[in-house]
Amino acid sequence: MSPSSPAWTVLGALLAAGAVAVLLRRSRHGDAAYRWFAAAALAWGAAFVAQLAAVGSVTPDAIQLSLTDLLALVGLPPFAIGMFRLAPPGRVPGGIARLTDGCLMSLGIFGIAWVAILRAAYGATAVGAGSFAVDLIHPLADLLALGVTLSVALRAGRVALAPYLAMAAFTLGDLFAVQARAVNLHAGGWAQTAWLLAICLLGAAGLMPDQPQTAAAGTGRGGIQAPAGEPDTGAAGAVSR
């Protein structure tokens, strides 16, 4: 199927609508994070649909921050808020260190992407560094979101796996899109496939089971858990006196 075929747009609209419906249904159970994920899925779906109206190549006399990029950027704040709402409340030791690790991870991913994808695209465009940097705003913002939300994804556990992988797939699609636009007039099949995968993964987050609530399970009086193998002797002691 041609990357510019309207079938991609129809498929993206259907998948985005399904993801939004699933996430909103999950949010009605009291999970506010999924309402934010639904907003992100809506923005991503709108960006995917709008891409046919914003096709173009990277040229020296054109600013490549298209409507598609702007809509996708709008989806980053609600995604980040949703990830923070998934994490359990309270601060944990080493939070700053994990944030630093996430930012370093994003920097490392960009270095790998530059060698594997972007360097050849930059050479193919024959434009100045400033013009090419404009086209990198969107993937760089994605990488920043990946780095900032890494620590909360680790705190949230399994429930954050699907949305975090969705952000990773969306970032990969944006990197492929920069490469494709450097030599063609469209984002390309690989980029669109990654974007559709991101929408599906974000919608699948609404189907994940709830995180098991183990904080209150097996606790004795005062909310303090009795050691394994030792019975709670508080009541027995009261009877014997």
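What follows is a short chat about the packing in this predicted model.

Me: Which residues have the most contacts inside the largest nonpolar core?
Reply: In this predicted model, the largest nonpolar core has 44 residues, and those with the most contacts inside it are Phe37, Trp44, Phe79, Met83, Leu86, Met167 and Leu202.

Me: And which elements give two or more residues to this core?
Reply: Those elements are the helices H1 (6-27), H2 (32-50), H4 (76-86), H7 (137-156), H8 (161-183) and H9 (189-204), and H2 gives the most, with 9 residues.

Me: What is Leu202 in contact with, leaving aside its neighbours within four places in sequence?
Reply: Leu202 is in contact with Leu23, Phe37, Ala40, Ala41, Trp44, Phe79, Pro163 and Ala166. There is also a second, separate core of 9 residues, which includes Leu136, Leu175, Val178 and Ala182.

Me: OK, helix pairs now: at what angle do the axes of H2 and H9 cross?
Reply: The two axes come within 10 Å and cross at roughly 160°, and because angles over 145 degrees count as roughly antiparallel, H2 is roughly antiparallel to H9. The crossing in which H2 passes H9 is left-handed.

Me: Which residues make that contact between H2 and H9?
Reply: On H2 they are Phe37, Ala40, Ala41, Trp44, Gly45 and Phe48, and on H9 they are Gln192, Trp195, Leu196, Ala198, Ile199 and Leu202. These residues divide into 10 nonpolar, 2 polar and no charged.

Me: Switching topic, is Arg119 buried or exposed?
Reply: Arg119, whose place is in helix H5 (residues 95-125), counts as exposed because its relative accessibility is 51%, and the cut-off for exposed is over 50%.

Me: How many residues apart in sequence are Arg119 and Gln179?
Reply: Arg119 and Gln179 are 60 residues apart in sequence, while in space they are 8.9 Å apart, C-alpha to C-alpha.

Methods
Residues numbered from 1 in each chain as written. Predicted model: local features only at pLDDT ≥ 70, side-chain atom pairs only at ≥ 80, totals over all residues. Heavy atoms only, no water. Core = buried A, V, L, I, M, F, W, Y, C linked by side-chain atoms within 4.5 Å. Buried < 20%, exposed > 50% of the residue type's maximum accessible area, 1.4 Å probe, protein only. Helix = DSSP H or I, 4+ residues; strand = E, 2+ residues; numbered from the N terminus. Contact = heavy atoms within 4.5 Å. Axes fitted to C-alpha atoms, helices over the stretch in contact; angles between N-to-C directions. Parallel < 35°, antiparallel > 145°, perpendicular 65-115°, else oblique. Left-handed = near helix turned anticlockwise from the far one by under 90°. Nonpolar A, V, L, I, M, F, W, Y, C, P; charged D, E, K, R; others polar.
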